[in-house]
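Dear colleague,

I am passing on the structure below, together with some notes on what I found in it. Please read the notes with the structure open beside them.

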Amino acid sequence: MALMSKNYAVLSAIADEMRTTPNLGFWYQGGTGTTVATGPMGKIVDLFGEFGAPRVWFEGPIDEPAIMAAALGSAVYGNPSIAKIPSMATYMVAEMLFNQAGKYYAMHGQQFTCPLVAWMDGSRRIRFSGPQHADVGWEQAFANMPGLIVVTPSTVYDAKGLMTAAIRSPDPVVFCDYNENTGPQDVPEEAYEVEFGKAVVRTQGDAITIVAFAPAAMQVPAAVTELAALGINAEFIDPISLKPLDVDTIEASVRKTGKLLLVDHGHWTLGPTVQVGYEIAERVPGTKMKRLAYPDVPVPGAQHMTRWLTPLTANVVDAVKRMV
Amino acid sequence: MSRTEDRDLLPGMETVTADVKEERVPATGRVHSRRDFLKGMLATGIGAAFVATGTQAVRAGPYGPFLAGDLTEEKLVDIYRTMLIMRHWELKNKDEAINGKIGYPGHLYAGMEASAAGVSAALRNKGDENYIDITTATHRGHGATLAKGADMTACFKEQLMKADGLDRGYGGSMHLADRSIGMFGVNSIIGGNVIISIGVANGIAIRGTDQVSVAFIGDGASQSPYLSSALNTAKKRNLPFILVIENNGYQVSARHENIAATQDLADLALGFNIPKYVVDGQDVLAVYDVAKRAVDRARAGGGPTVIETKCYRYFDHSGLAGAKLGELGAFNLGYRSNRELQHWLARDPVTLHRRTLVRWEVLTEEQADEIEAKVVQEIDEAFEVAFASPEQLADEALDTAYASGLKMPATHWYDWNTRA
């Protein structure tokens with residue numbers, strides 16, 4: 001175990017796989033900054049420096065469909081591939097994921113696998129980002145697309161393990177990497193996999209079940225601590241992957257607590273936790289349910305407006321207090 | 001008569017008519033080398049016109065020696081047979097659609113055979129995955145699939161979406177693919193196959209093999225934003241990539257010159273400093289000629305090429321409008337004249353190649369007839385076999401969306417956790 005940043009953890013997971021998988025390629029735009037990170041004891045991971053072109057696509061164009069398609073074509077040819085897409089451009093590659101990556105295996109009668117990782121850089125709702133650079137919640141669109149796997153890690157451990165699992169998967173994986181304030185965390189230095197479709201119970205409790213995935217999941221731990229101080233033991237479940245979605249773990253929790261709070265950082269209409277809410281409503285009738293999400297408005301530039309619109313720790317605490 | 005002479009001029013293009021004499025040079029009627037060929041040209045007195053301005057000769061002329069002149073007789077006949085398969089498969093497809101046996105014929109390729117057959121003749125179509133050349137095609141892809149060497153019965157089965165079709169019934173007309181021959185898929189998103197082929201070329205670069213990645217598109221895809229992405233990447237990364245624009249003149253029912261900014265769509269290549277060829281798409285050997293140059297260059301590490309074949313589709317954009325049982329070409333379509341269609345039919349690519357082979361004494365008329373009759377018979381049999389073959393299980397799709405075996409529930413049933 002060693003303390004490492006999420007970026008280092010993910011890049012080192014990629015480097016580990018690149019060392020053992022000869023044709024694994026990595027596509028991104030811009031220069032070396034994207035592929036270099038400093039880790040524990042001053043260790044450096046440098047994908048371009050270590051593997052070079054053409055496996056690492058140094059200085060790719062600001063042309064996300066080209067980046068995604070380059071990785072996709074190499075993947076169907078038989079080379080596992082990773083494309084890194086910046087946060088504001090996730091929908092630029094939606095067509096490649098919707099009509100190509102997710103369908104290639106099925107539509108050609110299982111002749112081609114598509115071992116592709118779409119590493120989607122998540123945005124942060126920080127100052128000066130404004131409506132086009134500060135939006136989150138697009139993962140719900142990809143979760144709706146057939147043939148894709150969609151993962152949303154919220155811890156360094158999950159990010160590293162899910163990236164390794166994504167690279168080894170024969171199916172296309174959308175890796176939603178939200179850059180909220182995840183500080184360095186203690187994770188194994190060697191490669192390991194985190195299984196898709198297995199929700200994690202972060203804290204156990206019997207008063208209420210809270211379901212949130214990244215980036216909302218990063219707001220919940222503080223709320224759980226605050227609630228515990230008030231004598232309310234909330235059970236916090238992070239689904240980690242939206243597709244496949246582990247409803248069974250959530251169902252078991254709701255059967256115990258009878259209450260469910262859903263938190264989305266994406267927009268209100270048809271956000272991913274709507275799916276959780278529907279499935280629980282059907283499986284555990286009578287569940288008391290509430291959902292928090294970002295309203296259906298573009299993210300304003302002014303930070304105080306954005307903060308007010310986002311369901312943060314205080315909103316979670318408030319909602320739970322009203323529900324129990 | 002030399003090998004270049006008997007191909008006609010492309011309609012509507014600038015012509016310099018060579019005074020073609022019915023005189024055979026050299027004595028064998030065969031051209032064995034470039035030297036013999038040029039000697040022959042001079043002997044017939046057309047050499048100067050051909051070399052200086054060329055037109056029909058022109059189609060091959062400006063790009064250097066006539067490489068199709070070096071093809072073996074076996075290969076030349078093989079190209080003829082391939083074109084016949086493409087033609088008669090499509091006619092059978094059309095006729096059985098009219099008969100109601102095929103639900104929808106898709107986008108018919110008839111009339112454009114020289115493009116895919118000529119290019120594919122310059123490719124490696126057999127071998128392992130690190131050797132074979134790889135193609136993708138646009139939605140009008142029956143031709144590209146058959147030209148690469150796909151089994152005609154398997155193609156019919158997929159057209160009928162049967163369980164043992166090329167795509168096991170999951171794809172159909174607009175998604176034909178056969179990995180075993182390096183045909184990586186007909187793709188019905190206009191321009192989508194182009195950047196996938198770029199990705200394949202990237203994959204080839206990673207593996208360091210000398211394979212070539214080819215994308216077939218129509219004139220309609222040439223305005224796709226993917227094109228600039230693809231060409232920039234191909235040039236900058238020096239990828240073994242060939243873009244073949246089959247310019248049949250119409251984007252659905254709109255003439256391409258009303259849409260495209262340039263008359264020659266291959267001019268796209270100019271902005272990226274990529275070599276381009278504009279070629280008579282009725283003439284399979286002219287297409288082969290430029291394709292061979294492009295393939296050789298790509299294999300040797302010389303990077304991408306853009307080829308535009310000027311051709312024509314005999315039927316409507318898709319479906320059966322104007323199509324009749326047993327008839328070649330869809331007449332009385334609102335957006336084009338019957339005379340225009342007849343004009344192109346007069347230079348039919350299959351007939352043209354046959355005529356060349358007969359004049360070169362590669363085949364006699366009788367042998368050509370025999371080959372055609374055999375192909376027609378094989379296609380009739382292939383269709384019968386395909387028609388009688390079983391359909392896919394209705395619920396299999398739930399289990400086959402993910403290579404990892406992830407299964408999706410049947411959510412359309414009342415109790416969707418169990419299958420009905």
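Among contacts in chain B between residues at least 6 apart in sequence, what percentage join residues at least 24 apart? The figure is 73%, where contact means heavy atoms within 4.5 Å.

Please bear in mind that this is a predicted model, in which local features need pLDDT of at least 70 and side-chain atom pairs count only at pLDDT 80 or more, while totals for chains, interfaces and linings use all residues. Residues are numbered from 1 along each chain as its sequence is written, chains are lettered from A and ligands numbered from 1 in the order in which they are written, and side-chain values use heavy atoms, with hydrogens and water left out.

Chain B has 13 helices and 8 strands, both being DSSP runs numbered from the N terminus (helices H or I, at least four residues; strands E, at least two). Of its 420 residues, 58% count as buried (under 20% relative accessible area, with exposed over 50% and partly exposed in between, for a 1.4 Å probe and protein chains only).

Between the chains, helix 3 of chain A (residues 64–77) packs against helix 8 of chain B (residues 192–207) at an angle of about 60 degrees, with the axes 6 Å apart; the axes are lines fitted to C-alpha atoms over the stretch in contact, and angles run from 0 to 180 degrees between N-to-C directions. That angle makes helix 3 of chain A oblique to helix 8 of chain B, since angles under 35 degrees count as roughly parallel, over 145 as roughly antiparallel, 65 to 115 as roughly perpendicular and the rest as oblique. By class, this contact has 11 nonpolar, 5 polar and 1 charged residues (Ala, Val, Leu, Ile, Met, Phe, Trp, Tyr, Cys and Pro count as nonpolar, Asp, Glu, Lys and Arg as charged, and the others, Gly among them, as polar).

Within chain A, the axes of helix 9 (residues 220–229) and helix 13 (residues 313–323) come within 8 Å and cross at roughly 45 degrees, which makes this pair oblique as well. The residues in contact include Ala222(A) and Leu227(A) of helix 9 and Val316(A) and Val320(A) of helix 13.

Finally, Asp151(B) lies in the loop between helix 6 (142–148) and helix 7 (152–159) of chain B, and at 43% relative accessibility Asp151(B) counts as partly exposed. The C-alpha atoms of Asp151(B) and Asp178(B), 27 residues apart along the chain, are separated by 9.1 Å.
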